[in-house]
Amino acid sequence: MAFTRATGKHRAPSRLTRRSANLAGVATLATAGVIGTLASPAVAADAEAAASVEDTGLTQIVSMGSIADEIADQAAAQKKEAAEAAARAKAKAEAEAEAEAKRKAEARAKEIREAKERAAREAERKRLNAFRIPVAGSHVTTGYQTGGNLWSSGSHSGVDFRAASGSTVVAVGAGTVVEAGWGGAYGNNVVLRMNDGTYTQYGHLSSIAVSVGQQVMAGQRLGLSGSTGNSTGPHLHFEARTTAEYGSDINPVAYLRARGVSV
């Protein structure tokens, strides 16, 4: 029985067809392999470039964000520093104002204190230099230079102040005791050298309360009135002199009035 060759798809490819197929396969491999391999570096380069661009953009974004934060931090620091500087300036101004107020208050207090001290010194000076009547509430009973045989010189060398026995006799002004004791016709007497250089005498005392060399103030007690010496009754004989010596007498009333004493 004879066999016939199959036809159609079951036909074996010819050598030419197989060769063409092989060539096509090679071409396919070449395209997929060699050519693909050759193309890979370019693709990789493009990918790297793209990645590089993306990386650069991210870096720029990150960098810009950091700068913004730094600026914000700097602004906040500057604002804080400005606030602190303002607070320091305010505190300094307040401290200076307080110090100035304190200085003015101290200066004013000093002025007031010095004014009071001056007033006190002036009052003391006036007190020291003040004059007064030798027997409080008294008056002159026998005037200056009254004539008569009661006085060895022929006239009264002083004035007599009314004073009951035992009345307090005081210094008419500030001075130093230069005589304190028996004075002959003057009886118990005290003589003062006044601070202005004049002299005053207090005679016929019943007792003496000071001693020679003692400094006395105006109004200080010298003794008690009486009727010792050449006297007709209790009274105070008062003289004013330019020296300590007898005969240098001056008008006692004028003397006291010139020093502000109402007699």
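This report walks through the aromatic pairs, nonpolar core, strand pairing and salt bridges of the structure above.

## About the model

This is a predicted model, in which local features need pLDDT of at least 70 and side-chain atom pairs count only at pLDDT 80 or more, while totals for chains, interfaces and linings use all residues. Residues are numbered from 1 along each chain as its sequence is written, and side-chain values use heavy atoms, with hydrogens and water left out.

## Aromatic rings

Let's start with the rings. Rings of Phe, Tyr and Trp (its six-membered ring) pair if their centres lie within 6.5 Å; planes under 30 degrees apart are stacked, over 60 edge-to-face, and the rest tilted. The count by this rule is 3 aromatic pairs. F161 and F238 have ring centres 6.2 Å apart and planes at 65°, so this pair is edge-to-face. The pair joins distant parts of the chain, with F161 in strand β2 (residues 159-162) and F238 in strand β9 (residues 235-241), 77 residues apart. Helices (H or I, at least four residues) and strands (E, at least two) are DSSP runs, numbered from the N terminus.

Both F161 and F238 are buried; that means under 20% relative accessible area, with exposed over 50% and partly exposed in between (1.4 Å probe, protein chains only). Together with Y202, F161 and F238 form one aromatic cluster.

## Nonpolar core

A nonpolar core is a set of buried Ala, Val, Leu, Ile, Met, Phe, Trp, Tyr and Cys residues joined through side-chain atoms within 4.5 Å. The largest one here has 25 residues, of which V190, L192, Y202 and L222 touch the most other members. At least two residues of this core come from each of β2, β5 (188-194), β6 (199-208), β9 and α2 (252-257).

## Strand pairing

Two strands pair if DSSP finds at least two bridges between them. β2 pairs with β9 in the antiparallel sense over 4 bridges, and F161 has L236 of β9 as its bridge partner. Strand β1 (residues 140-142) also pairs with β2 in the antiparallel sense, over 2 bridges; here T142 is partnered by D160.

## Salt bridges

How many salt bridges does a search of the whole structure find? There are 4, counting a side-chain nitrogen of Lys or Arg within 4 Å of a carboxyl oxygen of Asp or Glu. One of them joins E100 and R103 (2.7 Å, N to O), which both lie in helix α1 (residues 15-129), 3 residues apart. E100 is partly exposed at 33%, and R103 is partly exposed at 46%.

Another links E239 and R241, with the closest N and O atoms 3.0 Å apart. E239 is buried at 0% relative accessibility, and R241 is buried at 6%.
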